[in-house]
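These entries record what I looked up in the structure, in the order in which I consulted it. I began with helix packing and then turned to the ligand, the chain as a whole and selected residues.

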Amino acid sequence: MEQHGKSEKHGAQAQRQGHGAQASGGAGKLYVVATPIGNLGDISARALSVLAQADLVAAEDTRTTGHLLAHHGIAAKLVALHEHNEMRRAAELVARIEAGETIALVSDAGTPGISDPGALLVARAMEAGLVVCPIPGANAAIAALSAAGLAAPHFLFYGFLPSKSTARRSALESLRELPYALVFYEAPHRVTECVAELAATLGGEREIVIARELTKLFEAIHRCRLDQAGAWLAADPNRQRGEFVLIVSSAQAEAQEGLPAEAERVLRLLLAELPLKQSAALAAAITGARKNELYARALALRDAEALPRK
Ligand code: SAM
């Protein structure tokens, strides 16, 4: 296994970036380092280099990060920074950076500050005029979006919805009409309840992508209509286990295009083989989309794409 050590300090790091000029005299820097969301190989060479060279690694859970560092042959000094001590720890770490130390901030998984601690330390460092450098990498929401196949040009990252039903419902009401795909994080013990609430509030005809255990052994990505998602989860208890990103298609996409993407896909497949009316009826039965909308879309497709009249 490759050993990353202090001796590399002036290699990759020195040539890295134009941030070079230090903000205040001999101050060090704060690096915000993304770590894997499952597969320990999902970490950049630059992140490993920074972690190996840092004077101190501030970690949400020192055991979790210790495991990652050991896997990559890195011996680093670790200190805990989590939601319960971030305020106190931030002042301490800022003082150390001002004194010239380089500190790498990591969370348990993915990108610090994204539904994870870190924002407060970054804010304090910026207030102190220190240099803050992001080291980009894994993030569950972006990984899920990249494999979701939703054509929406815009998305809204919401993160965790409130755990209480009333607060969750009102949060969802405020999102219902937004013309963006909506991206949520959810815990396994709440996923079934959450999906039911999404369907009830946002509308069962919208599409959902359920991205589970990304980059891990039991990774699964399932796409269906929102009102079919509960049944899909219930069909196998394993589908309710692990970590989840839920993505709901944009409200405007539905309004503009009229049909969910899955209905469009099925309709096109059927139209290639069957008469128009039969294609629309079958597509409606398969996808749950409205037959008259499918029929209208089939007519439009036939005219636009000069499909044979069957
Ligand atoms: N900072 C992380 C990031 O950049 O994605 C998110 C941390 S947040 C505390 C943890 C939540 O992210 C999980 O409850 C789940 O919703 C989502 N998540 C993290 N890892 C995941 C994975 N491998 N597959 C699916 N979702 C994941």
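**Entry 1. Helices α7 and α8**

I started with helix α7 (residues 165-175) and helix α8 (residues 191-202), whose axes come within 10 Å and cross at roughly 45 degrees. That angle makes α7 oblique to α8. I noted the handedness of this crossing of α7 and α8 as right-handed. On the α7 side I found Arg168, Arg169, Leu172 and Glu173 making the contact, and on the α8 side Glu197, Leu198, Thr201 and Leu202. Sorted by class, the contact of α7 with α8 comprises 3 nonpolar, 1 polar and 4 charged residues. I note for the record that this is a predicted model.

**Entry 2. Helices α8 and α9**

I next followed α8 to its contact with α9. The two axes come within 8 Å, and I read a crossing angle of roughly 165 degrees. The helices α8 and α9 are therefore roughly antiparallel to each other. Their crossing is left-handed. From α8, the residues Val191, Thr192, Val195, Ala196, Leu198, Ala199 and Leu202 meet Leu226, Asp227, Ala229, Gly230 and Leu233 in α9. I counted the classes in the contact of α8 with α9 as 9 nonpolar, 2 polar and 1 charged.

**Entry 3. Gly230**

I then examined one residue of that contact. Gly230 belongs to helix α9, which spans residues 226-234. Is Gly230 buried, exposed or partly exposed? I recorded Gly230 as partly exposed, because 17 C-beta neighbours fall inside 10 Å, and a residue needs 20 or more to be buried. Apart from neighbours within four places in sequence, Gly230 is in contact with Thr192, Val195, Ala196 and Ala199. For Ala196, I noted a C-alpha separation of 6.3 Å from Gly230, although the two residues are 34 residues apart along the chain.

**Entry 4. Helices α11 and α12**

I looked up a further helix pair. The axes of helix α11 (residues 261-271) and helix α12 (residues 276-287) come within 9 Å, with a crossing at roughly 145 degrees. The crossing of α11 and α12 is right-handed. I listed Glu262, Ala263, Val266, Leu267, Leu270 and Leu271 as the α11 side of the contact, and Leu276, Ser279, Ala280, Leu282, Ala283, Ile286 and Thr287 as the α12 side. The class count for α11 with α12 is 10 nonpolar, 2 polar and 1 charged residues.

**Entry 5. The ligand shell**

Which residues are the closest to the ligand? Of the 24 residues that surround the ligand, I found the closest to be Gly110, Ala140, Tyr185, Leu214 and Glu243. The elements giving two or more residues to this shell are α6 (140-146), β7 (181-186), β8 (207-212) and β10 (244-248). By class, I recorded 11 nonpolar, 7 polar and 6 charged residues around the ligand.

**Entry 6. The chain as a whole**

I also noted the overall counts. The protein chain has 13 helices and 10 strands. It consists of 310 residues, of which 35% count as buried. Among contacts in the protein chain with a separation of 6 or more, 73% are between residues 24 or more positions apart.

**Entry 7. Tyr158**

I located Tyr158 in strand β6 (residues 155-160). Tyr158 counts as partly exposed because it has 18 C-beta neighbours inside 10 Å. Leaving aside neighbours within four places in sequence, I found Tyr158 in contact with Leu175, Leu182, Val183 and Phe184.

Most residues other than glycine have a negative phi. Ser115, which is not a glycine, has a positive phi of about 50 degrees. I placed Ser115 in the loop between β4 (103-106) and α5 (119-127). With 15 other C-beta atoms within 10 Å, Ser115 is partly exposed. Thr215, not a glycine either, has a positive phi of about 70 degrees. I found Thr215 in the loop between β8 and β9 (220-225). Thr215 counts as partly exposed, with 16 C-beta neighbours inside 10 Å.

Note on methods
Residues numbered from 1 in each chain as written. Predicted model: local features only at pLDDT ≥ 70, side-chain atom pairs only at ≥ 80, totals over all residues. Axes fitted to C-alpha atoms, helices over the stretch in contact; angles between N-to-C directions. Helix = DSSP H or I, 4+ residues; strand = E, 2+ residues; numbered from the N terminus. Parallel < 35°, antiparallel > 145°, perpendicular 65-115°, else oblique. Left-handed = near helix turned anticlockwise from the far one by under 90°. Contact = placed C-beta atoms within 7 Å. Nonpolar A, V, L, I, M, F, W, Y, C, P; charged D, E, K, R; others polar. Near = placed C-beta within 6 Å. Buried ≥ 20, exposed ≤ 12 C-beta atoms within 10 Å, placed from the backbone.
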